[in-house]
Amino acid sequence: MHYGGDYNPEQWPEETWHEDVRLMQQAGVTMVSLGIFAWSRIQPAEGVFDFAWLDTVIDLLHEGGIAVDLATATASPPPWATTAYPQMLPQDENGATYWPGSRQQFAPASPEYRRLAAELVTALANRYAKHPAVVMWHVNNEYGCHLNYDYSDNAAVAFRAWLAGKYTTIDALNSAWGTDFWSQRYTDFGQIVPPRKAPYSRNPAGELDFKRYTSDTLLSLYLMEKNIIRGAGATQPVTTNFMGAFPPADYWRWAQEMDVITDDCYPDPNDPESFRIAAFARDLMRSLKPDTPWLLMEQATNALNWRPTNAPKSPGQMAALSMQSIARGADGILFFQWRQSRAGSEKFHSAMYPHAGTRTRTWREVVQLGAELAALPQLAVGSRDARVALVFDWENWWAISNPDHPVVLDYLELVQRWYASIHRQHIQVDFVMPESDLSGYTVVVAPHLYLLTEAGAANLIAFAAAGGDLLVTAFSDVVDENDAFRPGGYLTQLGPSLGIWLEDFGALVAPAGTSNTGSSAGENGVPVAIAATLGQVYAPLDGPTGTITGTLLAEEIHLEGAELLGSFSGGRLDEQPAFTVNAVGAGRAYYLATIPDAAGCETVTSYVFEVAGVEPVYAGLPATVEAARRGDTVVLINHGGSAVEIDAIDLDPFAYRFITDDVEA
Amino acid sequence: MHYGGDYNPEQWPEETWHEDVRLMQQAGVTMVSLGIFAWSRIQPAEGVFDFAWLDTVIDLLHEGGIAVDLATATASPPPWATTAYPQMLPQDENGATYWPGSRQQFAPASPEYRRLAAELVTALANRYAKHPAVVMWHVNNEYGCHLNYDYSDNAAVAFRAWLAGKYTTIDALNSAWGTDFWSQRYTDFGQIVPPRKAPYSRNPAGELDFKRYTSDTLLSLYLMEKNIIRGAGATQPVTTNFMGAFPPADYWRWAQEMDVITDDCYPDPNDPESFRIAAFARDLMRSLKPDTPWLLMEQATNALNWRPTNAPKSPGQMAALSMQSIARGADGILFFQWRQSRAGSEKFHSAMYPHAGTRTRTWREVVQLGAELAALPQLAVGSRDARVALVFDWENWWAISNPDHPVVLDYLELVQRWYASIHRQHIQVDFVMPESDLSGYTVVVAPHLYLLTEAGAANLIAFAAAGGDLLVTAFSDVVDENDAFRPGGYLTQLGPSLGIWLEDFGALVAPAGTSNTGSSAGENGVPVAIAATLGQVYAPLDGPTGTITGTLLAEEIHLEGAELLGSFSGGRLDEQPAFTVNAVGAGRAYYLATIPDAAGCETVTSYVFEVAGVEPVYAGLPATVEAARRGDTVVLINHGGSAVEIDAIDLDPFAYRFITDDVEA
Amino acid sequence: MHYGGDYNPEQWPEETWHEDVRLMQQAGVTMVSLGIFAWSRIQPAEGVFDFAWLDTVIDLLHEGGIAVDLATATASPPPWATTAYPQMLPQDENGATYWPGSRQQFAPASPEYRRLAAELVTALANRYAKHPAVVMWHVNNEYGCHLNYDYSDNAAVAFRAWLAGKYTTIDALNSAWGTDFWSQRYTDFGQIVPPRKAPYSRNPAGELDFKRYTSDTLLSLYLMEKNIIRGAGATQPVTTNFMGAFPPADYWRWAQEMDVITDDCYPDPNDPESFRIAAFARDLMRSLKPDTPWLLMEQATNALNWRPTNAPKSPGQMAALSMQSIARGADGILFFQWRQSRAGSEKFHSAMYPHAGTRTRTWREVVQLGAELAALPQLAVGSRDARVALVFDWENWWAISNPDHPVVLDYLELVQRWYASIHRQHIQVDFVMPESDLSGYTVVVAPHLYLLTEAGAANLIAFAAAGGDLLVTAFSDVVDENDAFRPGGYLTQLGPSLGIWLEDFGALVAPAGTSNTGSSAGENGVPVAIAATLGQVYAPLDGPTGTITGTLLAEEIHLEGAELLGSFSGGRLDEQPAFTVNAVGAGRAYYLATIPDAAGCETVTSYVFEVAGVEPVYAGLPATVEAARRGDTVVLINHGGSAVEIDAIDLDPFAYRFITDDVEA
């Protein structure tokens, strides 16, 4: 069980390093991530390296019994680099340059950046590959963060090469992108530009490929560094830190290249439900690479600096969220950062050792958590062993985020809504892709799979045919991997198994204040006056266990063999089918023709779980008490503001309890 | 009576073309608009044309009895063109380029674009000028759409030339623009730039001229193409499709160059009042070129793709809106598009032949409408024969849209508000310019003519003097054609006829949630904190038939001979004059010193109509039933959600009835 | 007592000039600011000057008895200048150019602009230095207005030079800026760019220095012109017009270079409390250079043109706000502008002579005010002689405006809130810097001094030690002049005197609709969904005289000797200390651990004043009646909408009364 945080000794004089090691020992720190933003100190000029200070720090840590997760320091190029090679600076879709003065100021596809980064990593790897303090390699930092997409000429050149590699011929690209629409037919790859500012909507298949290209290009930077590290003879695990459900990087694909998954997670203390979104991230990390431990690489001990309001954590809340991570598979708890900075953009970001020193609650909680973690028994490795799987797919996310749909959908928010509804029932969930092995599951919840490949559709159907219960929901199986309709209508793949066909999507007006809203420049370029109060907002439906409130879409479906479980009541589709089930081989396939609100998601899934016989991790818990199983250990955590008693276990606010084989740990 | 839609066969394999013709025949299609976005297929490289496929399609259509409205295909240049000539790309006011990847990526003033477009049109016109299938020419598409204004160096060069043509000498321009304000005096036309980003408000006369230049420049593209078509010996009517009240193009000026007016119109099914705004567009099209039929060139059969919520049309609603067009002068009903696309930005845009095929309601309604249109009797040509005229003027629109006014006014919304108030009274309205022949009218409603030319003012006064009733409203006769105050105050031209003088505009705070709001950077560049709840919002006035709610402006006027019809009650101008009438020759001139809300517009106009003896098209109708007269035919349409009975005529929701000479058709 | 306005005769024919002088005499005008935007008329081409018309105007004014405040006309370069030297145009942080067509289109650091401006001022000064009509020099106009910050290459070059001048070595800069954070270490001044668009938050110390650089650079333009004027032998006072609390210019520093302070002030007539914000500006101007008269250089006679709603002033309101200025130290009342323009961006801006002429209320009020001012007795010069000082500091403003703080704070709004709370108590206030001489004050209110220098802290402590009462509030003494935490925690300088230490800032959610809100791109570049209703908004505290509502911050403080005056009641810090007092030498130091709402500010300050024995200027006044003392004259002004009676003095709305030595004037 690792415990520690980012360590940036370059911000402090050498005398502080000695104090740091002493305080780390006091706090029970076992490992630090070192030098993430130290490029400008390690390499003060091209061709010039200064390792002396780093040698000293690493040796000090090693002597103090602190292991090192050594960063490759490539996340923030030094000023001399961007001054010498301004063409390595990225640009936004309007052609505006991202200048230095912050961090991450490099175009991922820039040859100059790649060369300089490779030189730095080569020097670092050669020097420290065999150092006994180094137990892990931390490649770059939060790839894609802040600068999700680069549209510079670097990107144009690289995107064209990526497309040529994918399609081989320009006619294959024309066919995939449907470029006969709006006279977009290319005759040479050299004519293609990234999806920069254009007069109106850009080609959706091009948008989708640009997101794939971006994810691949960022990953190629990681692989370049990893290969250099391995080439230097390093044998420690190599990783880069993820950021939960992060849009620009398809972590399903990335996870294959990680030796260990690490995640940064910053739930908002002001949101009493943020622990569920944190649980979502934990389960996603565990699922990305099951049977391999993952690490919580960054969290905050207390307040942050980048929200409009950076509220403090409540007493105990930091430990509760740490234990949540462990309960969901983490084998390490680390923070940004060890010692709070005195200067710079993140000086108000809390740290293990706060600026106000050891007399603070933060420090006391850090010391206490270190002690508790050290006392934890060995836990089973996190695996994908739940009875319920929830489908989450980056490709679908990218496609569903394109404009010009019946209604604006925030896929992440919707999947999190489904997740939270299951979490409130204390039922354990794994995340899967549509194409994942589903053989171990009782129920698969597959919400809103707008883009669904042939393999994915076949896999879902096979799961049901083999006896599983599959829940499919509105706006599914609409397009292929090129964001094009399949011939013959909608639900062309799943429809026969669902026993329905779909005539119309029936867009509704988004409820006020939700993230599923949008704006539009209007068809003729004149801003559309959005009369948000006009039009149908809610589509209630009478389901098998009560009324469910549908939103955003009320699809017009027709039964072709399915059994009717519920119909719309009121509104445009009054008395039309809304919720169906169909026998598929040994299993069942449900279809819900709308997007329920939070309560509706719980009503629908609880019905499906009841029919399937899926049980909670722990019975009889209030909603704010979380239960998670790791191997044969169940962890109960009270995220609520009031004390509760469960089976004679008292849980104060933010208290937790490890239970193994029905025996309290 | 034409029936059909845009046809884009280049998106489909040849076998589909045969199916298309068969299905078109089934739907009663008589004409399609062909090849609007086919440039990249017709001309795969500079100097290389491929007409074989187009020949085949046109011949297939011709054999199938479907006429062709042949597009010139110049709306979306192919990627090879913008790659070879990047200087033809337009730019926004910040200097950001509009890149390819969408459509409309050309600077209207670009010499390269003009040359390439001319070469394409020449080739097309030479080939198809005499083809018997071609019955109309569709030049470009929705000129100015998405890219209302171009600020690139192309525009700079052309704007200077346009200004030199208009003003001859730079001193004439200085005088017209008032450049002694803020030291803006030019000494050479070459010093002028388009109204690009500037530190603060730009010269309003320059803004106005830039809008005139833009309208003229877009029109010159149309004329270039039209001249090429005529030069090739084509004799069919030539048109380009309008977009209702579209800001960048002065359609009064453009209409003179059209052989037939065509319009694209997409009312929002979520807005129960959108049929009135649609009626506004129909009457505008009829009025732009009276005594010539116009065509509804684009509408949707069902849902769109570009609003935040793209709700489906109700059953029958598409036919009701089609019949509204016919009732108001249209001689053809066409759609975007014939066959729903499988790919691209508009694949969710409904079509005559939906992606879900013939088993859909959309297809059934398309077939039914085709049959009904084929059965319609010959109708009189739409003309300007109403008793009431409503003034709508692009020049005033442009001027009123300049910043730095007492309050922000949305001229289009205000004219539509006046129109809707008259529409609710079932009174027929023509649109006119201030300078139009008004001799046939009983009442002229001339709202908010901030910019009023000498000719316009004289014409309005002459109309009243000849016995007409003229209604003038707040913020009228303020500036000349250079957006400059006339010497001597305000209402300098109309004041004597109105019998009043105006001291102050009396800006009010805009009611929340309206489009007549704005924001401001503040005089010193610091954002102004807008305390929207502070200040007077409403200015009630006691009128001759009850209380009217004034908004936005409560002008301080003084009577100089006028008779008082109503005074403000409460607020800043309590008991001051608000509504007046003055005898002018044989007629009357009303002045309303505020901008009423929707109910107030109806109260004011109904009073004026009552005094003038103007009658509705059909008496006793509920508000949601529309009545329109075309020659001696009256069409009744129920746009409401409930069935109604009128003089023993049952009208279900979205049902309609043609009545001629009091005999049902 | 000066009376007049900006005069722009270049906008009018010569015959109007004669009429102007005649009307000015009628209105009692004594001085006009001449030629502020006349550069393009004075210098029609490089090297060519035309002074003939200006000679004529100045002579006409002189003959008419009107003195001239002669402008240097450098605020808006002519089109020929920016055409010849496009590199002098400024750019925004995205690299977009600010083009001509408005005003202020010059980069302050541009060598070309500086050369051209110097040539113009040299010619003007040589010609008019000895002209008897010229009584004052008006340098440029509203420096920094509209274009607060320039990020062009001009700025890059000048910023580097400014930094090299300040820091001498790049290592000193690295240390001050904390560039070891995020690998920002520079090895050469040439690597530094202005704070242009970057992927994420920029270095806060760099931001702070860029604001200092900007203020200094604008001031250096003023000094360049002033030196030229003096070099030409001119002896009249030289000034440039301020804009109240204007962010980009540290007027404390600027005031030292002004011979007379002049201010432009435009309170919103729609805001019934705007007279208090106007009073804030008056007191600031008086305090910037005490014992020297200041002039109200610009205000409006009636409506403006740049707010979304430009409401008229009420009858008498213009005079009331003029008398407020005089009561708070002004020795002149001037307007923008003398004669309302017929054309251009400000034609709707009211003027002394309105476009609607002499039959207007505006004209009548202008004439009346001129007469009243001429009849005023000699008044004492405005000085810093109040018993209460309020600290307002530009350096702190700049630092507090950096992002990445616990919560977004609008420092100006907060200081104005404190000011207004004192103004409502009719207590006279001077403004001071933390480092000012405080020896004359009884109470110093020092709100939210996030950035506090060693000298400032020592000065505040010395004030209390000498017997003063010091009020310190939340978010004070947090960083040094480089926006870096001081070693050892927070409140490291003031804490011992306050008798407390601070553990945590305790950010609260901003109340809806306030300016203290913000948004965030989120740590990973994905927009943060702000659930504004989640989290604690208010922190009530039980104070010595009742409950006070705290907002934005509820700090966790610990007593180390202080006496407890109030505790939080409810919320996160229930029953924790919130309001304390500590004996410091002969005085007291209060600390308030939150930011009260408006009522709370009044509760807190009234308690402090009561304890200190501070009395109002005039007892028993209603809140809307203002009282201000100038020497031995007290002015009472009724800013409310109803008449009031005070000690037998009747005050109609917007009426005022001068009282000297308890005898009515």
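Q: What ground rules apply here?
A: It is a predicted model, where local features need pLDDT of at least 70, side-chain atom pairs count only at pLDDT 80 or more, and totals for chains, interfaces and linings use all residues. Residues are numbered from 1 along each chain as its sequence is written, chains are lettered from A and ligands numbered from 1 in the order in which they are written, and side-chain values use heavy atoms, with hydrogens and water left out.

Q: OK, chain A and chain B. How many residues does each put into the contact?
A: Chain A gives 65 residues and chain B gives 61. Contact means heavy atoms within 4.5 Å.

Q: How much area do chain A and chain B bury between them?
A: About 5300 Å², with 58% of it on carbon and sulfur atoms. Buried area is the accessible area (1.4 Å probe) that two parts lose on being put together, summed over both.

Q: How many salt bridges between chain A and chain B?
A: Five. The rule wants a side-chain nitrogen of Lys or Arg within 4 Å of a carboxyl oxygen of Asp or Glu. One pair is A:Asp480 with B:Arg342, at 3.8 Å, N to O.

Q: And how many residue pairs in polar contact across that interface?
A: 25 between chain A and chain B, with both residues at pLDDT 80 or more. A polar contact is a pair of N or O atoms within 3.5 Å; within protein, one must be able to donate a hydrogen and the other to accept it, and residues adjacent in sequence count only if both atoms are side-chain atoms.

Q: Which element gives the largest share of chain A's side?
A: Strand E14 of chain A, residues 500-504, with four residues. Strands (E, at least two residues) and helices (H or I, at least four) are DSSP runs, numbered from the N terminus.

Q: Now chain C against chain A. How many residues are in contact there?
A: 65 from chain C and 60 from chain A. Chain C and chain A bury about 5300 Å², 57% of it on carbon and sulfur atoms.

Q: How many salt bridges across that one?
A: Five between chain C and chain A. Among the salt bridges is C:Asp483 to A:Lys347, at 3.5 Å, N to O.

Q: What's the salt bridge count over all chains?
A: 102. Within chain A, Glu142 and Arg103 meet in one at 2.9 Å, N to O. That pair links distant parts of the chain, 39 residues apart. A:Glu142 sits in the loop between strand E4 (134-138) and helix H6 (153-167), and A:Arg103 in the loop between helix H4 (79-84) and helix H5 (111-128).

Q: Switching to the sheet. What's the strand order in chain A?
A: E11-E10-E12-E13-E20-E19-E18-E15-E16-E21, an open sheet of 10 strands with mixed pairing. Two strands pair if DSSP finds at least two bridges between them.

Q: Which strands are the edges?
A: E11 (429-432) and E21 (594-596) of chain A, each pairing on one side only. Neighbouring strands are turned by 25 degrees against each other on average, direction ignored. Axes are lines fitted to C-alpha atoms, for helices over the stretch in contact, and angles run from 0 to 180 degrees between N-to-C directions.

Q: Parallel or antiparallel for E19 and E20?
A: Antiparallel, over six bridges, for E19 (577-584) and E20 (587-592) of chain A. A:Asn582 stands opposite A:Ala589 in E20.

Q: What angle does helix H17 make with E20?
A: About 165 degrees, by direction. H17 (598-612) of chain A packs on the sheet, touching strands including E10, E19 and E21.
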